[in-house]
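Dear colleague,

Please find below the structure I promised to hand over, followed by an account of what turned up in it. I would be glad if you could read the notes with the model open beside you.

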Amino acid sequence: MTGKWNLAHKVVLITGGARGIGAATAGELARRGAVPVLADVDADALERTAESLGSDVLTAVQDVTDYPGCARTVETVLERHGRLDLVWANAGVAAEGPTELIEPEVWARVIQVNLIGAFNTVRAALPAVIDSRGHVAITASLASLAHSPGLSAYTASKAGVEAFADALRIEVAHQGVTVGVLHPSWIATDMVEEADAESAAFRRLRSSLRGPMSRTYPVDSIVGPIADAFAARSARVFLPAWVRGAHALRAVINNPVVMRDQLKAAPEMRELFLEQAGREGKRSTAFGPRWGR
């Protein structure tokens, strides 16, 4: 196991860095002396976030589904900074809808961004991270542990990135590289807030959850723990800390007894999806106006 880091002067590439968890954590990393590099498909939001950091922050307008684009971003980082210490595959989107009704290309797009995009990001950066004996971080989710109806693409993609990270961790350990997986619950990002506002089926899902799983947590409450985990080169990051229990009990929380409230909600969610799709179309209902991290 490679020892803990002082984050000062560490070069950190963050995909999905224009807003939400990525942007907020970039600010915390910069405050700790790290050198954030932000990549995102949203050029305007990327520029605003970079300006908010108050320094000459390198940015890249990049679609993580485009491997050559990911490779060019890494080349640019190395040209500017000469090294890459940490790559964080954080870009993600979600789509809501029953598998029976969701458009196949919508379901596939979630997999392409969240899973293939994570691979593209990590694969492009890995030689440089190996050179620096650095750290790889990948954003999974509570959804990789607890599998909810209406989110089959999202849960599949996040379970996939968790498995990818677990395999990668073993592969690169002998090269001095560590690999961490982030498991955030509902965080008050654009993705969650827009889904709450725009999707009746999503709201019905949220109402079927109990205890801490029903709550939304401020972005600011998790950026310190994420930065701490990067400094510690942690293999798992549970956000908030109670998600550790879901990880330990994942076989239990997905059984029919525990899922009884969601089993009841699923047919109601289907009808709500159909009703909204009749007004707005299936694709718009699934993705919302901009349902992405």
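Helices (H or I, at least four residues) and strands (E, at least two) are taken here as DSSP runs, numbered from the N terminus. This is a predicted model, in which local features need pLDDT of at least 70 and side-chain atom pairs count only at pLDDT 80 or more, whereas totals for chains, interfaces and linings use all residues. Residues are numbered from 1 along each chain as its sequence is written, and side-chain values use heavy atoms, with hydrogens and water left out.

On that basis the protein chain comes to 12 helices and 7 strands. Its radius of gyration (taken over C-alpha atoms, and compared with a globule rule of 2.2 Å times the number of residues to the power 0.38) is 19 Å, which agrees with the value near 19 Å that a compact globule of 293 residues would have. The C-alpha atoms fill a box of roughly 55 × 40 × 30 Å along the principal axes. Of the 293 residues, 54% count as buried, where buried means under 20% relative accessible area, exposed over 50%, and partly exposed in between (1.4 Å probe, protein chains only). If contact is understood as heavy atoms within 4.5 Å, then among contacts between residues at least 6 apart in sequence, 73% join residues at least 24 apart.

The sheet comes next. Two strands are said to pair if DSSP finds at least two bridges between them, and in this sense there is an open sheet of 7 strands in the order β3-β2-β1-β4-β5-β6-β7, with parallel pairing. Because β3 (59-61) and β7 (236-239) stand at the edges with a single partner strand each, one side of each is left without a neighbour in the sheet. The twist averages 15° from one strand to the next, with axes being lines fitted to C-alpha atoms, for helices over the stretch in contact, and angles running from 0 to 180 degrees between N-to-C directions. Strand β6 (residues 178-184) pairs with β7 in the parallel sense over 4 bridges, and P184 stands opposite L239 in β7.

Two helices that pack on the sheet deserve mention. Helix α1 (residues 20-31) touches β1 (11-15), β2 (35-40), β4 (86-89) and β6, and its direction makes about 170° with that of β1. Helix α3 (residues 67-81) touches β1, β2 and β3, with a direction at about 155° to that of β1. Strands β1 and β2 run parallel and are joined by 5 bridges, V12 having P36 in β2 as its bridge partner. Since 5 of the 6 residues of β2 are buried, this strand is largely enclosed by the rest of the structure.

As for the interior, a nonpolar core is a set of buried Ala, Val, Leu, Ile, Met, Phe, Trp, Tyr and Cys residues joined through side-chain atoms within 4.5 Å. The largest one has 31 residues, and those with the most contacts inside it are L7, L29, W88, L182, I226 and F230. The elements that give two or more residues to this core are β1, α1, α2 (43-52), β4, α8 (220-232) and β7, and α8 gives the most, with 7 residues. Leaving aside neighbours within four places in sequence, F230 is in contact with W5, L7, L29, L86, W88, H135, A137 and L182. A second, separate core of 30 residues includes V11, L58, L126 and V161.

Some individual residues may also be worth a look. S199, in the loop between α6 (190-198) and α7 (200-207), is buried, with a relative accessible area of 4%, and touches E96, E194 and Q276 when residues up to four places away in sequence are not counted.

Most residues other than glycine have a negative phi, and most peptide bonds are trans. H9, in the segment before β1, has a positive phi near 70° and counts as exposed at 64% relative accessibility. R133, in the loop between α4 (104-131) and β5 (135-139), likewise has a positive phi, of about 50°, and counts as partly exposed at 48% relative accessibility. Finally, the peptide bond from L239 to P240 is cis, with omega near -5°, and P240 is found in the loop between β7 and α9 (243-248).

With best regards
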